Amino acid sequence: MLVVALLVLTGNIAVSVLAFQGLIGFSGQGADLSIFSDAYFWGVLSFSVKQAVLSAVLSVMLAWPVARGLYFLPTLRGQQSFLRLCLLAFVMPTLVLITGLVVLFGRSGWLLPLLPDDWNLYGLHGILLAHIYLNMPFAIRMLRQQYNNIPDPAWRLALQLKLSHWQRFCYIELPVLRPVLVMLLGFVFILCFNSFAVVLALGGGPQATTLEVAIYQALKYDFNIPEALSFAWTQLIIAGGLFVVLYRKGSGGWLSVDLPDSHWRPLPGKWAGVAYRTGYGLVWVFLLLPLVSLVFQAARNDLLEFDYLALLQPILLSALLGIMAACLSVIIGYLLLLPVREARYRGMTRRQWLLEWLATHTLIAPAMVTSVGLYVLLLPQTDLDQYGLVLVVVLNTLAVVPFVVQQLRPRLLQYDAQYDQLVRNLKFSPLLRLQAELPYLRQVLINAFALGLLLAIGDVAVFAIFGHQDLITLPWLIYSYAGTYRMDEAAMASLVLLLMCAGLMKLFVVQKLPYKVKDKR
């Protein structure tokens, strides 16, 4: 079994090496260095960094008071549903959100009369709005979990010393939050820096284009491979370099199931409580409004005359590609963790860290960069129209594997801590060992599968490169509808995709919050 795992790890690394070989210029067309003296390049790079910085700062700063409110007021109504909605918002296919935002804030949007005259969804405004929607819920979950790490004695000691609110913030809250704040800002920056679907749909021309979209345009519209390679290398160096730094800082358990909260904490003041409840309510509205708007916009279709068959093929193809990617990612993720567990058993810490890094290394290169590398490498040798969907499954699998590894790793290490020595003493065969582990891992395997399916089913970036024009997925159909201003059909397709994701979420988040917090104040 360990040999198979090492072969899988080698294959995983080989795909990345081949992509890099394509980026270096396997076909003889290397990167175009002259582009670095072009104003267009620096404009794209400047906007990529600007929107990512603003998105990261706004997402985290807006999430902070909400997470603080959730911590100091654990009996807030609907908190369990709110946290699940936050998770849904983070993993929801981007085009579902974009359709909802266009319905609300587009050129004929419902809320347009309430907005300033210079409002334009297509540009920086719309990109920031979408990125905040997608990333603020993630930041709320992370910060709330970090607040729960504050030990009870710290609050009790602060009460005995009669520290002021500001002193408690400086001496108790900030030291606990500072590490995760830095990591959050960096991680959200990477997510927004690599954003593709949001900028493709809401970008406002050359002045509002990111590196990810510039790669796509150079490859698909201009077929300018040297220019695409220059953009891809630039993006890889910036995003990959920052990710390596963040990886050394560790990762938070943002996808873990919420645990019971029974900590003691001081009661907030009257006006602070009002502010927390107000912010909590506003975020509820902010997260629900685009989703609710889809329902009303979809209802504008003549439901009896609507061409449901037009959705059937994209739904089936999306589900098929997503299921294949999710199944493969769970199998690969499990196998990749076998050598990690073996290194941990033998006490080889450095080897364990290296193997974990290799198992999740596909997070370093954005999907568009890897896709471009393979596209350049395979184009002279392979009929990409014929095998494009196979590559979509392969690349989506590799993109999802790091998330699956993060899901499986804690449970497997927990199993090893309890039973590994016993299994080794009994000298189980690999198959018998797997049979012994499966009942222990059953739920986390289901969760990992559902997470992989959620992430893969909403893919747009890889499909944009390798997708087939006659066999399209549901997210690409939504993009096609929205691109031709057929918003009613786009809303209907988005609603279907949202319902699919909500169903998966019900499968994914199966453990309920045992929220019966006793008020110990």
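A residue counts as buried when its relative accessible area is under 20%. Keep that cut-off in mind for the views below, which come from a predicted model.

**View 1. Phenylalanine 72 pairs with two aromatic partners.** Let us start with tyrosine 276, which counts as buried because its relative accessibility is 12%, and the cut-off is under 20%. Tyrosine 276 and phenylalanine 72 make a stacked aromatic pair, with 6.4 Å from centre to centre and 10° between the planes. Phenylalanine 72 belongs to helix H2 and tyrosine 276 to helix H11 (residues 270-298), so this pair ties together parts that are 204 residues apart in sequence. Phenylalanine 72 is itself buried, at 5% relative accessibility.

View 2. A search of the whole structure finds 28 aromatic pairs. One of them joins phenylalanine 72 and tryptophan 155 in an edge-to-face arrangement, 5.7 Å centre to centre and with 70° between the planes. This pair links distant parts of the chain, 83 residues apart: phenylalanine 72 sits in helix H2 (residues 39-72) and tryptophan 155 in helix H6 (residues 152-160). Tryptophan 155 has a relative accessible area of 2%, so this residue is buried.

**View 3. Arginine 156 on helix H6.** Moving along to arginine 156, we are still in helix H6. Here the relative accessible area is 41%, so arginine 156 is partly exposed.

**View 4. An aromatic cluster.** Five residues come together here: Phe36, Tyr40, Phe41, Trp42 and Phe231 form one aromatic cluster.

**View 5. Helix H9 in its surroundings.** Helix H9 (residues 211-221) is largely enclosed by the rest of the structure, because eight of its eleven residues are buried. Those buried residues are Leu211, Glu212, Val213, Ala214, Ile215, Tyr216, Ala218 and Leu219. After H9 comes phenylalanine 223, which has a positive phi, near 50°.

**View 6. Helices H12 and H13 side by side.** Two packed helices are described by the angle between their axes and the distance between the axes. For helix H12 (residues 309-345) and helix H13 (residues 349-359), the angle is about 170° and the axes are 8 Å apart. H12 is therefore roughly antiparallel to H13. On the H12 side, the contact is made by Leu336, Pro339, Val340, Ala343 and Arg344, while H13 brings Arg351, Gln352, Leu355, Glu356 and Ala359. Sorted by class, this contact has six nonpolar, three charged and one polar residue.

**View 7. Phenylalanine 466 and the nonpolar cores.** The largest nonpolar core has 149 residues, and those touching the most other members are Phe82, Leu143, Phe196, Leu202, Val372 and Phe466. Take a look around phenylalanine 466: neighbours within four places in sequence aside, its contacts are Ser371, Leu374, Tyr375, Leu384, Gly388, Leu389, Leu391, Val392 and Leu395. There is also a second, separate core of 29 residues, with Ala5, Leu9, Leu335 and Val444 among them.

**View 8. Glutamine 297 and its contacts.** Our last stop is glutamine 297, in helix H11. With a relative accessible area of 5%, glutamine 297 is buried. Leaving out residues up to four places away in sequence, glutamine 297 touches Val103, Trp110, Met487, Asp488 and Ala491.

Notes: Residues numbered from 1 in each chain as written. Predicted model: local features only at pLDDT ≥ 70, side-chain atom pairs only at ≥ 80, totals over all residues. Heavy atoms only, no water. Axes fitted to C-alpha atoms, helices over the stretch in contact; angles between N-to-C directions. Helix = DSSP H or I, 4+ residues; strand = E, 2+ residues; numbered from the N terminus. Parallel < 35°, antiparallel > 145°, perpendicular 65-115°, else oblique. Contact = heavy atoms within 4.5 Å. Nonpolar A, V, L, I, M, F, W, Y, C, P; charged D, E, K, R; others polar. Core = buried A, V, L, I, M, F, W, Y, C linked by side-chain atoms within 4.5 Å. Buried < 20%, exposed > 50% of the residue type's maximum accessible area, 1.4 Å probe, protein only. Phe/Tyr/Trp six-rings, centres within 6.5 Å; stacked < 30°, edge-to-face > 60°.
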